[in-house]
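Biologist: Before I rely on any label in this model, I would like to hear which value stands behind it and which cut-off that value is set against. Could we go through it together?

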Amino acid sequence: MIDLHTHSHFSDGTFSPSELIEKSENLFLKAIAITDHDTTGGLAEGLKAAENKNVRFIPGIELSVTHKPGELHILGLGLKNWENAPILQEINKKRKVRNTKIIELMNVQGLNIRYDDLKLLTKGTIGRPHFASWLVSNGHANSMNDAFTKYLTWGKPFYMPRETISLESAIDFIHYCGAYAVVAHPLNIPVNFNALLEKLDNWIASGIDGIEAVHSGTKRNMTKRLLKYGKEKGCMITGGSDFHGGNKPFVKLGKTAKLGIISDEFLPEELLR
Ligand code: AMP
Ligand code: FE
Ligand code: FE
Ligand code: ZN
């Protein structure tokens, strides 16, 4: 069992990198990647925690890139150097601009939220999940999901778009860090399957190395279709749960949609080098 897509409290997960490593060891995972949104802040801790452990730690990241329709997320897997990353500062500046607008919207509605309230909820990237969590704690929503559907998704009162980077600059950054660029949860793009395959063709032509065919949000029959496509193209095929701890309680570490095990066959050999 492996898991190449997880979030720590350096973005919108609820566990520390060390706790994630400990959980992986307890579950006898062969490998775990920590892939926080737009930050490498948790990787040094993850690396240290995995020393002398039976679980292989794969440093990663998940970047949101500009795309319509839906949200396109790119995983960087197997980062080798991640210290000097001006692009991440740029992304997080843009996040801050958007977050400040959301705070203004909420305060206009009389909710009385401050930036510092959000800072307490993460050691790194601040995003909509932290607003969701604030809304739950302050009695405005019953769950994270409820907060998103009532307030934070497109068309809802506290939705604000955020400027993202281009696919090309995400790929460049990931390659610069010595890592592989993998399309996260491709099925999240709301187009029919044939249109998705065309998009994947284009993304591969732009430098994408692989696809995340196995994911907790991807149904088995769709995984099969992605696997067939990936094998035909000879691209890297990965599997990850997208574990967020208590922020997405229905997602389990090392598990697929129906809580099957994410098999070692979705750990590409290149990531072990
Ligand atoms: P942001 O990048 O700040 O706009 O926030 C988007 C992130 O919110 C996504 O990457 C997801 O991890 C998270 N998210 C989206 N919908 C939900 C949900 N219903 N419950 C919990 N987290 C969510
Ligand atoms: Fe997330
Ligand atoms: Fe994602
Ligand atoms: Zn994710």
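Biologist: Which residues is I91 in contact with, once its neighbours within four places in sequence are left aside?

Modeller: They are D38, L63, R162 and I165, where contact means heavy atoms within 4.5 Å. This is a predicted model, in which local features need pLDDT of at least 70 and side-chain atom pairs count only at pLDDT 80 or more, whereas totals for chains, interfaces and linings use all residues. Residues are numbered from 1 along each chain as written, chains are lettered from A and ligands numbered from 1 in the order written, and side-chain values use heavy atoms, with hydrogens and water left out.

Biologist: Why is I91 called buried?

Modeller: I91 has a relative accessible area of 4%, and is therefore buried; the term means under 20%, with exposed over 50% and partly exposed in between (1.4 Å probe, protein chains only). I91 is found in helix α3, residues 86–108, and its C-alpha atom is separated by 29 Å from that of G110, 19 residues apart along the chain.

Biologist: What makes the arrangement around the iron ion (ligand 2) tetrahedral?

Modeller: The four donor atoms subtend angles of 99 to 122°, and the arrangement is therefore tetrahedral, a label that requires all angles of four donors to lie between 85 and 135 degrees. The coordinating residues are D12 (OD), H37 (NE2) and H244 (NE2), at 2.0 to 2.2 Å; donors are N, O and S atoms within 2.8 Å of the metal (3.2 Å for Na, K and Ca), and water is not among the atoms, so sites may look incomplete. In sequence the donor residues are spaced D-x24-H-x206-H. D12, in the loop between β1 and α1, and H244, in the segment after β7, link parts of the chain that are 232 residues apart, and both D12 and H244 are buried.

Biologist: Why is the arrangement around the zinc ion (ligand 4) called irregular?

Modeller: Its four donor atoms subtend angles of 78 to 171°, which makes the arrangement irregular. The zinc ion (ligand 4) is coordinated by H5 (NE2), H7 (NE2), E62 (OE) and D242 (OD), at 2.1 to 2.2 Å, and the zinc ion (ligand 4) lies 4.7 Å from the iron ion (ligand 2).

Biologist: What makes strand β7 mostly covered?

Modeller: Five of the five residues of β7 (residues 236–240) are buried. M236, T238 and G240 point one way from β7, and I237 and G239 the other way. Strand β6 (residues 210–215) runs parallel to β7 and is joined to it by five bridges, where DSSP must find at least two for strands to pair. With helix α9 (residues 220–233), β6 and β7 make a right-handed β-α-β unit.

Biologist: How do you know that the chain is as compact as a globular protein of its length?

Modeller: The chain has nine helices and seven strands, which are DSSP runs numbered from the N terminus (helices H or I, at least four residues; strands E, at least two). Its radius of gyration is 18 Å, close to the 19 Å that the globule rule gives for 273 residues, so the chain is as compact as a globular protein of that length; the radius is taken over C-alpha atoms, and the rule is 2.2 Å times the number of residues to the power 0.38. Of the 273 residues, 53% count as buried.

Methods. Four donors count as tetrahedral if all angles lie between 85 and 135 degrees; four count as square planar and six as octahedral if opposite donors are over 155 degrees apart and all others between 65 and 115; anything else is irregular. A crossover is right-handed if, with the strands pointing away from the viewer, the path from the first strand over the helix to the second runs clockwise.
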